[in-house]
Every structure is written in C-alpha cells, then in structure tokens.
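This report covers a few local features of one structure. The sequence and the model come first.

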Amino acid sequence: MKEKILEVNQLNMAFTSYSKGLYKQSTQAIHNLSVNIHAGEMVAVAGASGSGKSLLAHALLGILPSNACVNGTMNFKGQEMTPKLIQQLRGNKIALIPQSVSCLNPLMKVGKFAGKKACSLFPRYGLSKEVENLYPHELSGGMARRVLISCAASTDADLLIADEPTAGLNDELAHETMKHLRELADEGKAVLLITHDLYLASQYVDTVTIMYEGKTIETLSIEALKNGKWKDSFTEQLWRALPENEFICDIKDMK
Ligand SMILES: Nc1ncnc2c1ncn2[C@@H]1O[C@H](COP(=O)(O)OP(=O)(O)OP(=O)(O)O)[C@@H](O)[C@H]1O
Ligand SMILES: [Mg+2]
C-alpha cells in the first residue's frame, strides 16, 4: 500500500456570527467529513454549489476566516496538521490550484508571476514561450488554468488540491485539464479534486466523496459508483440524474 498523504477524519466546521448585534449564532457548514488520499491517488470531493467543498480546501491550507470553528482531525503523512505545520506545508508540500483564475496577478506578466520553475513546465502543458510575456487578461480561460497547473506542478508538493479546475472550460479543455491532473497523480502525487462535475470526475479519479449541504453522504470507489454499488440512495439519484446517464431520476425526490 502506498503512503497515506492526507487523512481527514470527522471534520466539522461552523461559522459564528452575531444577529441584532447581540446574539451569537453558529451555522454549521461541514458535518463529519472524512477523506483519505494516498500517494498516486486522485480523489474527488463532489457536490453541488455551497456544499462546503472549497471550505475543505481552505481548512487544509489554513486560510479560513477567523469566525470559523473547526474540529475533527487532519493529518498529513501521519502528522497532525497544527496551524504551525499547515503554515510550513502551504505552498511547499501542499499546493492549491485555485477555483478562480483571477488569482493570477493582473499587473504582472505571467512568466514573472509563475517563476522560472513553473515556466519550464509550460511546454508540457501546451503553453508556448510567448505566454511568459503575456498579462493574465491576454490568456484564454484554458491557458490561465494551464498556467495555474504549471505553478502547482512546479512545487515539491505531495498533495495537490484542485478546486473546480475545469469550471468554465469547454469539454475538450476540461478533459485535457483532468488528464494533466491524472498524470500528476500517476507520477506519485496525491490529488484532491474538488468538483461539481461528477461525470467528468468519474472518468479520472479513483475514489469519490459525495457531499450535500455540508454533509458527507458517502465515499465510494469509482468502480462501485459505475456498478451501482452505492450505500446511499442520494448517490444513486445524483448519478442517475446526470445528463450523461439520461436524467433517469426525478430531481424533486433528491434529499
Ligand atoms: N466566512 C463564512 N461565513 C459564513 N458562512 C460561510 C463562510 N464561508 C463560506 N460559508 C458558507 O459555507 C457554505 C459552503 O461554502 P463553499 O464555498 O465551501 O461551497 P462550495 O461547495 O465550494 O461551493 P461552489 O461549488 O459554489 O464553489 C456556503 O453555504 C457558504 O455560504
Ligand atoms: Mg467552491
């Protein structure tokens, strides 16, 4: 068995806020989320908008807002992820491919922003030398994504977190992006894919954790998903309701 890179156990997250200035209230955003990823694996966390997927990424990177209250355990290579360890890992051993391409600095040429090491990976991701001299607004959505992937791939990260890396891309570019991520996993990295596109993910990942409104519905292998071996009827409805699976279920019946 390959080395376990990430172990998230029973993660709960709530946000505290004040109503009418006086009353403190707590809103639960994630309930009992558990995810494990080994080296060489690509694992998806899939769910609709607002189900808490990005919050998981932000917890792993230690970039949650101060009103977030988190409990549960997060281990990286068997070590408890304390705030100090997270700070050391962020950008080194854990790299993020962010949800928004607006993370590229609009005032900086792409080459300068990405750095030499990432630029040396541009050809691998189909980016020409000229791209280094462009500003982010001169890139297409697909090019910007490939720049972000080059940046993450150029680190020594053992864990790559890709937050909706295919959002806004056409089919061809989405598959290309997923192939790049799969390649990185096959080279030994652990890849956490955050996505709402279960069908696309199912063609590339090993395991998927289904989330709904912050709750973990279940974790199952792609083989189990494709063979209908789910434990929860929500997974069945979600899978069958996909356009690619001919909308077999009535979406109103979903939890
Ligand atoms: N700082 C915050 N304070 C209170 N609630 C928050 C805060 N940040 C996020 N949330 C809530 O947590 C929930 C999950 O947000 P999150 O961004 O993780 O969703 P997501 O699954 O990534 O959605 P999307 O697919 O649209 O990116 C949302 O309902 C959101 O409103
Ligand atoms: Mg998100």
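## An aromatic pair

Y212 is partly exposed, at 25% relative accessible area, whereas F234 is buried, at 3%. Buried stands for under 20% relative accessible area, exposed for over 50%, and partly exposed for what lies in between (1.4 Å probe, protein chains only).

The structure has 2 aromatic pairs, counted where ring centres of Phe, Tyr or Trp (its six-membered ring) lie within 6.5 Å; planes under 30 degrees apart are stacked, over 60 edge-to-face, and the rest tilted. Y212 and F234 form a tilted pair, 4.9 Å centre to centre with 45° between the planes. Since Y212 belongs to strand β9 and F234 to helix α9, the pair ties together parts 22 residues apart in sequence. Helices (H or I, at least four residues) and strands (E, at least two) are DSSP runs, numbered from the N terminus.

## Basis of the model

The model is predicted: local features need pLDDT of at least 70, side-chain atom pairs count only at pLDDT 80 or more, and totals for chains, interfaces and linings use all residues. Residues are numbered from 1 along each chain as its sequence is written, chains are lettered from A and ligands numbered from 1 in the order in which they are written, and side-chain values use heavy atoms, leaving out hydrogens and water.

## Helix α9

Helix α9 spans residues 233–240, and its buried residues are F234, T235, Q237 and W239. Their cover includes α7 (198–202), β9 (207–212), β10 (215–221) and α8 (222–226).

## Cysteines

The whole structure holds 0 disulfides (cysteine sulfur pairs within 2.5 Å). C119 is in none, and its nearest cysteine sulfur, that of C151, is 7.8 Å away. C119 is buried at 9% relative accessibility, and C151 is buried at 17%.

Notes: Contact means heavy atoms within 4.5 Å.
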